[in-house]
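This briefing is intended for a reader who is new to the structure shown below. After some lead sentences, the points are grouped by topic.

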Amino acid sequence: MEESRLPPGQYVPRGRPVIHYGRVPRFKPETWDFRVFGATASGEEHRFTWNEFEALPRTTRIADFHCVTKFSLMANEWRGVAPATLMAAAPPDPGVRHVMIWAEYGYSANLRMSDFAAPDTLFATELDEKPLSPERGHPVRIVVPHLYAWKSVKWVRAVEYLLEDRRGFWEERGYHNVADPWREQRYSYQEEPGEGPP
């Protein structure tokens with residue numbers, strides 16, 4: 001059954017590898033905030049303190065996790081805030097078709113709104129009933145299980161609503177703009193017309 005859930009070219013490793021770019025940031029709850037900005041419905045920026053973000057309704061998702069380096073971690077139990085909950089608190093302009101996820105140190109990844117709002121996407125704060133460890137993205141990471149894991153940004157600090165698509169950190173460095181593991185969309189040279197920004 002597990003093999004039937006593996007995208008092409010992926011394997012299940014022993015243990016749970018951890019990969020990230022740069023150093024692990026230190027979490028300071030008294031100064032941490034989460035912003036939603038860009039093309040909001042009100043034209044205003046929304047800001048949540050850690051306590052306010054913690055108070056948002058939570059949900060649980062069981063989902064696989066596919067790294068572009070070819071390992072897959074199966075049946076992870078994530079708990080956190082659904083994008084629909086965030087969008088209800090900070091609505092986007094009706095013209096928004098993409099988002100940019102911003103993390104500590106200016107790291108970013110872009111997503112189509114359809115991927116951002118997908119049922120399994122989650123702003124996770126827990127993995128397997130425990131708070132995320134610092135190296136796995138504590139206090140908040142986005143999890144987009146149906147895309148390669150570089151889109152599942154760790155240490156998230158903001159969502160920017162976009163009227164036009166823009167490439168994020170790895171997308172600017174040659175990674176595929178969409179990142180569908182079932183189509184092995186690893187690199188930008190594989191992009192079909194319409195899959196990347198003009």
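**Overview**

Strands E1 and E10 pair in the parallel sense, over four bridges. The model described here is predicted. Both strands belong to an open sheet of five strands, whose order is E2-E1-E10-E5-E6 and whose pairing is mixed. Strands of a sheet pair through backbone hydrogen bonds, either parallel or antiparallel.

**The sheet as a whole**

- The edges of the sheet are formed by strand E2 (46–49) and strand E6 (108–112), each of which pairs on one side only.
- From one strand to the next, the twist averages 15°.

- E10 is mostly covered, with seven of its seven residues buried.

- Strand E5 comprises residues 98–103 and pairs with E6 in the antiparallel sense over five bridges.
- His98 has Arg112 as its bridge partner in E6, while Ile101 stands opposite Ala109 in E6.
- E5 and E6 form a hairpin with four residues between them. In the turn, Tyr105 has a positive phi of about 65°.
- Because five of the six residues of E5 are buried, this strand is largely enclosed by the rest of the structure.

**Nonpolar cores**

- In soluble globular proteins, nonpolar side chains tend to be buried together.
- The largest nonpolar core here has 35 residues, of which Phe34, Phe53, Phe116 and Phe123 touch the most other members.
- At least two residues of this core are supplied by each of the following elements: strand E1 (33–38), helix H1 (50–54), helix H2 (83–89), E5, E6, helix H3 (113–116) and E10.
- Leaving aside its neighbours within four places in sequence, Phe53 is in contact with Trp32, Phe34, Phe48, Arg58, Val81, Phe123, Thr125 and Val140.
- Another core, of 13 residues, lies apart from the largest one, and its members include Ala63, Cys67, Val143 and Ala149.

**A buried arginine**

- Arg186 is found in the segment after strand E10 (156–162).
- Arg186 counts as buried because its relative accessibility is 6%, and buried means under 20%.
- Apart from neighbours within four places in sequence, Arg186 is in contact with Pro8, Gly9, Gln10, Val68, Lys70, Tyr148, Trp150, Gly174, Tyr175 and His176.

**Annotation from the record**

- In an unreviewed entry, UniProt places the feature "domain: Oxidoreductase molybdopterin-binding" at residues 22–170.
- Over residues 22–170, the chain of the model is 11% helix and 38% strand. The end C-alpha atoms of this stretch are 13 Å apart.

Definitions and conventions:
Residues numbered from 1 in each chain as written. Predicted model: local features only at pLDDT ≥ 70, side-chain atom pairs only at ≥ 80, totals over all residues. Heavy atoms only, no water. Pairing = 2+ DSSP bridges. Axes fitted to C-alpha atoms, helices over the stretch in contact; angles between N-to-C directions. UniProt positions renumbered as here; feature names shortened; annotations may be inferred. Buried < 20%, exposed > 50% of the residue type's maximum accessible area, 1.4 Å probe, protein only. Contact = heavy atoms within 4.5 Å. Core = buried A, V, L, I, M, F, W, Y, C linked by side-chain atoms within 4.5 Å.
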